[in-house]
Amino acid sequence: QVQLVESGGGLVQPGGSLRLSCAASGSIFSINAMGWYRQAPGKERELVARIFSGETTNYARSVKGRFTISRDNAKNTMYLQMNSLEPEDTAVYYCYARIVEVKGVEDDYWGQGTQVTVSS
């Protein structure tokens, strides 16, 4: 069984920074891709950033230049450094990973979500 656990959300003023973490645990053989999605009230879930096993990254246009995604393969952990936060970044942020389990099954997993609120 695989679990994704996020941490690092909270309340921050506009212009501030937060760092989200997502730790994967369980019967993991490899992690092919990881990413962050977010969902604001009344809106659909949207991609924020993704990182692939070869370290290739891509970002939503709205966060490019402000957010940085990274991963520590030895710890099966992914990070999202968020700088110059804006009220429009307020949302629940979800961690995603495409994982190959030890038994050979590849599947998509989601974390429980962490709230990020940008407000003065």
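Modeller: Happy to! A polar atom of the Arg66 side chain lies 2.9 Å from the backbone oxygen of Ser62. This is a predicted model, in which local features need pLDDT of at least 70 and side-chain atom pairs count only at pLDDT 80 or more, while totals for chains, interfaces and linings use all residues. Residues are numbered from 1 along each chain as its sequence is written, and side-chain values use heavy atoms, with hydrogens and water left out.

Arg66 sits in the loop between β6 (57-59) and β7 (67-72); strands are DSSP E runs of at least two residues, numbered from the N terminus. Its relative accessible area is 11%, so Arg66 is buried (under 20%; exposed is over 50%, partly exposed in between, with a 1.4 Å probe and protein chains only).

Beyond neighbours within four places in sequence, Arg66 is in contact (heavy atoms within 4.5 Å) with residues including Gln81, Met82, Leu85, Glu86 and Asp89. The side chains of Asp89 and Arg66 form a salt bridge at 2.8 Å, N to O (a side-chain nitrogen of Lys or Arg within 4 Å of a carboxyl oxygen of Asp or Glu). Asp89 lies in the loop between β8 and β9, so this pair ties together parts 23 residues apart in sequence. Both Asp89 and Arg66 are buried.

Glu86, in turn, meets Arg66 in a salt bridge at 3.9 Å, N to O. Glu86 lies in the loop between β8 (77-82) and β9 (91-101), so here the parts tied together are 20 residues apart. Glu86 is partly exposed, at 33% relative accessibility.

Terms used: Helices (H or I, at least four residues) and strands (E, at least two) are DSSP runs, numbered from the N terminus. A polar contact is a pair of N or O atoms within 3.5 Å; within protein, one must be able to donate a hydrogen and the other to accept it, and residues adjacent in sequence count only if both atoms are side-chain atoms.
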